[in-house]
Amino acid sequence: MIDDRVPGYDETFFPGASAQWREIRYFSKVTRTYRRANVILPGGYDEKKNYPVLYLLHGIGGDENEWKAANPEIVSANLVQEKKACEMIIVLVNARARAEDQVPQEDLFTIEHFRAFDAFKQDLTGCLMPYMETNFKVLKGREHTAIAGLSMGGRTSLYIGLTMTDVFGYIGAFSPAFGLLPYTNNGVTEEGLLGERGLCLPKEHAEDTLVMIVHGTSDTVVRDEPVRYHEALERNGSRHVFDLVEGGHDFRVWSYALNIFLQTIFKE
């Protein structure tokens, strides 16, 4: 674990650092409802400039507010102020793409719930991204677009990112959950969204895509599944970053991962 965080990076804004929060609602053709997201804009957001964008996904029991626990607006603003990260727009999404998109009380670990996360691929690319490009000063192109998430959001980020490298140039998976490879867990069995052969980068973007997997050494929730993803990528010859971090399935790991990811993306 290489911890080069700025002291106090997630506690308070450094002098001169700031950010803006916007709550948005966009119409989803997938769910046929209006859906919520949170948008973090750089403090000096300028309508005359365009900015790269990071779509940040929550875990299985979260929503568009879960990442607030890591103070991403403070992290990003302080890193920009220290010239360790680029100015960017960060979108905290609700990756549960179904009409009733609140955190479910009964079917948390079911195929039906997991499919709502899988359906976010269409909601993101067909509805949310066009909304952002219409209403905010977003730079288009894979070199300006990133996706990352924690736990179930990490699984979803890998699934979307690896199958759409023409859209996403940066992919972050922090404690990614089961689902890309065949598995049985919590009474659920799946064949895997990608499988062994599909867990790889396509040749056309093998050299210009960042894939970063961060995993806690004492994670008892996803256990060794992130290691399986790492090993599959290795076997398939797909260049990536795999970082083992002291911690469990919690924001100690995810805050670190976000910090490092922000320092890495959108740089030449």
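**Aromatic pairs and ring faces**

I started in helix α7, where Phe 251 and Trp 254 are about one helical turn apart because three residues separate them. A caution to myself: this is a predicted model.

I looked up how exposed these two are. Phe 251 comes out at 21% relative accessibility, so I put it down as partly exposed; the cut-off for buried is under 20%. Trp 254 has a relative accessible area of 5%, so this one is buried.

Next I checked what else goes with them. Phe 251 and Trp 254 belong to one aromatic cluster, together with Trp 67, Phe 174 and Phe 261.

Then I ran the search over the whole structure and got nine aromatic pairs. One of them is Tyr 170 with Phe 266, edge-to-face, with 5.2 Å between centres and 75° between planes. I traced where the two sit: Tyr 170 is in strand β6 (residues 170–174), while Phe 266 is in the segment after α7 (251–264). That is 96 residues apart, so I noted this pair as a link between distant parts of the chain. Both Tyr 170 and Phe 266 are buried.

Back to Phe 251 and Trp 254 for the geometry: this pair is edge-to-face too, 5.0 Å centre to centre with the planes at 85°.

Last, I looked for charges over rings. I found Lys 68 over the face of Trp 21, 5.3 Å from the ring centre. I also found Lys 121, whose charged end sits over the ring of Tyr 159 at 5.1 Å from its centre.

Technical notes: Residues are numbered from 1 along each chain as its sequence is written. This is a predicted model: local features need pLDDT of at least 70, side-chain atom pairs count only at pLDDT 80 or more; totals for chains, interfaces and linings use all residues. Side-chain values use heavy atoms; hydrogens and water are left out. Rings of Phe, Tyr and Trp (its six-membered ring) pair if their centres lie within 6.5 Å; planes under 30 degrees apart count as stacked, over 60 as edge-to-face and the rest as tilted. Helices (H or I, at least four residues) and strands (E, at least two) are DSSP runs, numbered from the N terminus. Buried means under 20% relative accessible area, exposed over 50%, partly exposed in between (1.4 Å probe, protein chains only). A charge sits over a ring if NZ of Lys or CZ of Arg is within 6 Å of the ring centre and within 35 degrees of the ring normal.
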